[in-house]
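Dear colleague,

Please read them with the coordinates open.

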Amino acid sequence: MLIQSKRVWICGDFIPAEIEINDGKITEIYPLNTKPADKDYGDLRIVPGFLDIHCHGAYGYDTNYAEPEGLKKWAKGIVHEGVTGFMSTTITELKPVLMKAVKNVAAVKKDFEAGRDGADILGIHFEGPYLDMKYKGAQPPEAIVPPSVDEFKEYQEAANGLIKIITLAPEHDPDYALTRYCSENGVVVSIGHSGATFEQAILAVANGAKSITHTYNGQSPFNHRANGVTGTALRLHDLYSEVICDCNHSTPEALNIFFTSKGKDHGIMISDALMAKGFKPGDKFMFGGHEIEIYPDGSAHLTETKGLAGSTMRICDGLKNLVTRAGVPFDAALNSCTINPASLLGLNDHLGKIAVAYDADIVVLNDDYSVEETYCKGVPQF
């Protein structure tokens, strides 16, 4: 298959080019019109496929529901926002629920074929249950427990090794034992839902933590005399850090500050989307045993406390928000949902950019940032 456009994102710029795809891979990149193209996209932008490494569900499904068909429907639907790979993310729950959830992802993944079945399931983001009570956010407090290496091993065994990221509060991890164990065994440790001081967070990084979970939210805030987890994200420029880009969890100005600090290589856009994605304002759902409601701006809130519980954001809309509302340079905005999450996960040798030998995960963007077409492993999804 050959596709082409006058604007293909290669090496940090748009150039006229033709992309040859065979067996799910990019096999050649030619000058525009070198060969007869199967699909000519004119001057529409062709960019790498988007990766969402922190998302709980969509279309009425939540990772913790542990329903195979719900997970499959999610993978099929998410391609319409340009996502070609995602991390099925848990929320804090009692152990039997979490065990069932990770077993479900492992079972679906076993027979899953990216492209044929939609966006690739890259693994599991294990958010909690090892969190701080004060900064729990919408995470169910009744299920929060101290970090345990032995317990985590049980979860990872049930997940068939698919837990690739864990969000935890390192100040509750004695001697940073779980932080070290995970980092030494191929699991990215992300500091989140944490009241850690700046000094505690720095020590967590020294013991293997590689990322900050949804910067600004669910963490000790930045103060000029007590810098907190947020200060750690902003001060350590080469520390990967997530941020929710719906302009509800953080203002456009805060997003601009974040990307000014992180530059183009270490900021990671996430949706933190819930099962409420795909529904309309006023609809209500259960999230971790607590009711949430979609507000007119697309955010989801706990009905009891009115606190933010997550988003319904599409990644293509987050990209638009960063560029048009937050004033983030296009390369930094695009990297945040392509090569940066791939690099954090160690997948940047075959995901995250348009280059020969990379997976043919490709998005065709309209000028309004809506998605014209998504290719997962070379398979058109629309």
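The structure holds 14 salt bridges, a salt bridge being a side-chain nitrogen of Lys or Arg within 4 Å of a carboxyl oxygen of Asp or Glu. Please bear in mind that this is a predicted model, in which local features need pLDDT of at least 70 and side-chain atom pairs count only at pLDDT 80 or more, whereas totals for chains, interfaces and linings use all residues. Residues are numbered from 1 along each chain as its sequence is written, and side-chain values use heavy atoms, with hydrogens and water left out.

One of the salt bridges joins the side chains of Glu81 and Lys277, at 3.0 Å from N to O. Glu81 lies in the loop between H1 and E9 and Lys277 in the loop between strand E15 (267–270) and strand E16 (284–287), so this pair ties together parts that are 196 residues apart in sequence; helices (H or I, at least four residues) and strands (E, at least two) are DSSP runs, numbered from the N terminus. Glu81 counts as buried at 2% relative accessibility, and Lys277 does so at 4%, where buried means under 20% relative accessible area, exposed over 50% and partly exposed in between (1.4 Å probe, protein chains only).

Lys109 forms a salt bridge with Asp120, with the closest N and O atoms 3.1 Å apart. Because Lys109 lies in helix H2 and Asp120 in strand E10, the pair ties together parts that are eleven residues apart in sequence. Lys109 is partly exposed, at 25% relative accessible area, while Asp120 is buried, at 13%.

A further salt bridge, at 2.7 Å from N to O, is made by the side chains of Lys377 and Asp359, which lie 18 residues apart and are both buried. These two residues also belong to a network of salt bridges that includes Lys25 and Asp361.

Turning to the helices, Gly70, Leu71, Trp74, Ala75 and Gly77 are buried in helix H1 (residues 68–77). The buried residues of H1 pack against several elements, among them strand E6 (50–55), strand E9 (83–89) and helix H2 (95–110), contact here meaning heavy atoms within 4.5 Å.

In helix H3 (residues 149–158) one finds Gln156, which counts as buried at 16% relative accessibility. The side chain of Gln156 reaches the backbone nitrogen of Ile163 at 3.0 Å, and, leaving aside residues up to four places away in sequence, Gln156 touches Gly161, Leu162, Ile163 and Val187.

Key
Polar contact = N/O pair within 3.5 Å; in protein donor to acceptor, adjacent residues only side chain to side chain.
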